[in-house]
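Subject: Structure handover

Hello,

Here is the structure for your files. Please open it alongside this note, as my findings follow below.

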There are 2 protein chains.
Amino acid sequence: MPPALEQLRERLGQVHDLHVVAMGLSWDQQVIMPPRGAPGRAEALGTLETLAHERFASEETGALIAAAREELNGADPDGFAASLVRVAARDWEKETKVPVALKAELARAGALGYEAWTKARGASDWGIFRPHLARMVELRREYAACFPEADSAYDALLDDFEPGMRNAEVAEVFRRVRETLVPFLAEIAERADRVDNAFLTGDYPVAAQEALVRRVIAEVGFDPEGWRLDVAVHPFAASLGTQDIRITTRFDDDSFLMAYFSALHETGHGLYEAGSDPSLERTLLSGGVSLGLHESQSRLWENVIGRSRAFCGWALPGLREAFPGPMAGVSEDEFYAAINRVEPGLIRIQADEATYPLHIIIRWELEQAIFDGGLDLADLPEAWNAKYRDYLGLEVPDDAHGVLQDVHWSEGMLGYFPTYLLGNVMAGQIWQRLAGEIPGVEALVAAGDFAPIRAWLTDRLYRHGRIRTPAETLSHAAGGPLDAGPYLDYLTGKFGALYGIS
Amino acid sequence: MPPALEQLRERLGQVHDLHVVAMGLSWDQQVIMPPRGAPGRAEALGTLETLAHERFASEETGALIAAAREELNGADPDGFAASLVRVAARDWEKETKVPVALKAELARAGALGYEAWTKARGASDWGIFRPHLARMVELRREYAACFPEADSAYDALLDDFEPGMRNAEVAEVFRRVRETLVPFLAEIAERADRVDNAFLTGDYPVAAQEALVRRVIAEVGFDPEGWRLDVAVHPFAASLGTQDIRITTRFDDDSFLMAYFSALHETGHGLYEAGSDPSLERTLLSGGVSLGLHESQSRLWENVIGRSRAFCGWALPGLREAFPGPMAGVSEDEFYAAINRVEPGLIRIQADEATYPLHIIIRWELEQAIFDGGLDLADLPEAWNAKYRDYLGLEVPDDAHGVLQDVHWSEGMLGYFPTYLLGNVMAGQIWQRLAGEIPGVEALVAAGDFAPIRAWLTDRLYRHGRIRTPAETLSHAAGGPLDAGPYLDYLTGKFGALYGIS
């Protein structure tokens, strides 16, 4: 490898190490750190961020990137070297175009905003949070202005989470989802009470849940030699390289649903991280290429596979053994219907698979109204409530169950919500192609034989890391550009059958 | 605070953060990391070390130290500022006087030596390890030559672990210990079989052990808001600042001794780390001032307190409740005698309190023979075996149970062993003074009231961190310089009473 490229690689390797270390400390803080460790941990994480920034966003790194680009000299654009230079250049520009003072102000406003949001939600008082959101929107406009090449301020924000995605594409996809789902869910609502899910609440001892969850995810792909499963209040996945994947879940006393589906969800994230080609290890090409594609894998394993009829059949004997009381007389069909019961609700993180998309669309539409529609933030709660009425047929009783429910905006994550639904859409596309290329995939799931599915996903998606752009990566895995069709076919097919809607 | 001092403090704070982070990752690796994470972890730790070294051992740091020293201008030499400059200067000189190439070679030889030692011990074959030890001795001589101001090569090595300690002091103390203990142990040997400790092996369920150990150390000073207890193959303590203390222990199936006394030992280390004054946090003045003083606290809590008659009386009801089978009919005196049974053995880490010192003295004497006595390494096993015969009356059957039992030399830790016994000696001195100043301290222990003991130790030792030199720190805590007398009085008093020797 030529000298500048080699130097760049080593420098990026060090930056990568600092990020991995910070990820490890953050995992530790959320999972096992003694409470009083927090202030010292904040100092340590701050130092790591400072050093990583100094090392990466320096003129030396910029010069190395430029010199390495010269050395490429017609190399395969999808090869390691060209990709490394392309991704390094993109990340470097992102990091150097924003003034340090603005970044500091964003961090400060995020910390204050989070604190205010906690209070506001507790008191269900929009007035406490409104000025903080106003300040954050102002700062995010300044931030977006650092990227004048973007089509709009919102496009610049979206690009941080879904690199290269244009908001016009999101708008088209979300419009189709909304136009299909709103009337479809209205039809389901008329038939909703025919599903019994009462047995899902009952005597579900935590120790039996943990043993069951460990058995299930071990079959799905969790490998104790290179993974950990722990408990966290807000389940998440962290990767410290491809050989140290840490997922978390949470156990409720009276239901296994949270533990079981969170574990499947985070296993999906973990499989994507663990599947990067070993040659990409310790470079910024390892890992997921966008939040949407990452979420496509958590949702594919949690929903498309984990909530499928075939998976229910495979998992039920283990569930009956683990929970002989409540699960004793439950049939495969009853179990499948119960965990897929559709019930519009006010809270996004409690939503079922069919109503979830509308929660995201509402948030995204309100972000459009804020950034491009001149919506006054004083009117945001009423706008929120109106959309829940129109799309889900629900009355929001107070802001704690409405506009104040999510943490994201308080910390400045504006433009983030759409990636959740993009993940569902991409999962639909990827699964459709996979099912076309692996004949009898449902029989494999029913038999608990997930290896061929993992192998296909690794070959088409996981192993490539960030070698290609997100759009190219999706196209390579799904066989085409972003398209709501397969996802809507999947949703209406699955829930149409469950609720007798043709 | 004047500018250079403030800059120095911030720079040292960053270096401290990197060390804390490395400590956290090392804890993680020994306690919970999935096995396949090791190579990535090695890269990350390497990067942290490189960055910490670059930042600390730079000319800028040297210039800041010099400028800060100018600013002191007659400040109290035991004050924060003067101590920070003194300790920073000492550490900086230690780190900059050794050529980088020699450090790299030491690291390489240590890695190879460790590997060879593992094989050699497994095969009980001295020949496999000898050339590696020879290379390490050669490199350590080169290392010592970087510090020509030391009285001898061995003094230079010792200074890394026990800063400022001269080997002549060690020699005098160790001579007294040996001359007292060898005949004393010979007397005990004649009476050894009168102590029954058979009940210490039996039905000791691990879950009951863990609950018991947690209850005991919670009384001694473990605080779940700022500490963790976990399991490690080789128990150790790590501090990530004073508010995140992590200790470990190990559980055997058929005996609680390892778990119980390791936990007390590591709690002692933890109390020293946790007790640094908050104003020293995130500076290199926080934490223990030398390995010997650190070990004085682990041994004080494990042995002087934890194996005392008073502590046995306090702990026995809890032990009976936890282990109703084997501990049912055991009296306080029987328990006290059993855990203090003296039995010369071949293995250092299994040694009782009375014979332990001779294991250390043997190693230290052999290190003298290697560095100053011209001992040929081919003759080291026989020299080892001769000393075990002379001092402990034992025949060494093979090198795995002799010269190959410890890991230290393989990794280049020559000059380290004496700190273990120095810790015992210092613990004897500190305890004698404490007992003189806290009337009725034994009654406090018997009542499980450890707060006054912790408060005294915090006031005289823990809170000062590295504000004073190790010698000054010992003198402040113990009321005088290093002295074997109190320790020997303690040992001969305790074991004389137990074995009826006047």
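Chain A of this predicted model has 20 helices and 3 strands. Helices (H or I, at least four residues) and strands (E, at least two) are DSSP runs, numbered from the N terminus. The radius of gyration of chain A is 23 Å, close to the 23 Å that the globule rule gives for 502 residues, so chain A is as compact as a globular protein of that length. That radius is taken over C-alpha atoms, and the globule rule is 2.2 Å times the number of residues to the power 0.38.

Some ground rules. Residues are numbered from 1 along each chain as its sequence is written, while chains are lettered from A and ligands numbered from 1 in the order in which they are written. In this predicted model, local features need pLDDT of at least 70, side-chain atom pairs count only at pLDDT 80 or more, and totals for chains, interfaces and linings use all residues; side-chain values use heavy atoms, with hydrogens and water left out.

Confidence. The model scores ipTM 0.91 and pTM 0.93. Chain A averages a pLDDT of 96, and 100% of its residues score at least 70. pLDDT is the predictor's confidence in each residue, from 0 to 100.

Overall build of chain A. Its C-alpha atoms fill a box of roughly 65 × 50 × 50 Å along the principal axes. Buried residues make up 57% of the 502. Buried means under 20% relative accessible area, exposed over 50%, and partly exposed in between (1.4 Å probe, protein chains only). The accessible surface comes to about 19,800 Å², and 52% of that belongs to carbon and sulfur atoms. These areas come from the Shrake-Rupley method with a 1.4 Å probe; for residues, only the protein chains shown count as cover. Take contacts (heavy atoms within 4.5 Å) between residues at least 6 apart in sequence: 74% of them join residues at least 24 apart.

The sheet in chain A. It is open, has 3 strands in the order β1-β3-β2, and its pairing is mixed. Two strands pair if DSSP finds at least two bridges between them. The edge strands are β1 (227-231) and β2 (237-239), each pairing on one side only. Neighbouring strands are turned by 20° against each other on average, direction ignored. β2(A) pairs with β3(A) (residues 245-249) in the antiparallel sense, over 3 bridges. There, Ala238(A) has Arg246(A) as its bridge partner. Helix α1(A) (residues 3-31) lies across β1, β2 and β3 of chain A, at about 35° to β1(A). Axes are lines fitted to C-alpha atoms, for helices over the stretch in contact, and angles run from 0 to 180 degrees between N-to-C directions.

Strands in chain B. β1(B) (residues 227-231) and β3(B) pair in the parallel sense over 5 bridges. β2(B) (residues 237-239) pairs with β3(B) in the antiparallel sense over 3 bridges. How many residues of β3(B) (residues 245-249) are buried? The count is 5 of 5. Ile245(B), Ile247(B) and Thr249(B) lie on one side, with Arg246(B) and Thr248(B) on the other. The hairpin of β2(B) and β3(B) has 5 residues between the strands, and Gly241(B) there takes a positive phi near 85°.

One loop residue to look at. Ser124(A) sits between α5 (100-123) and α6 (126-145) of chain A. Its phi is near 50°, a positive value in a residue other than glycine. Ser124(A) counts as partly exposed, because its relative accessibility is 25%.

Best wishes
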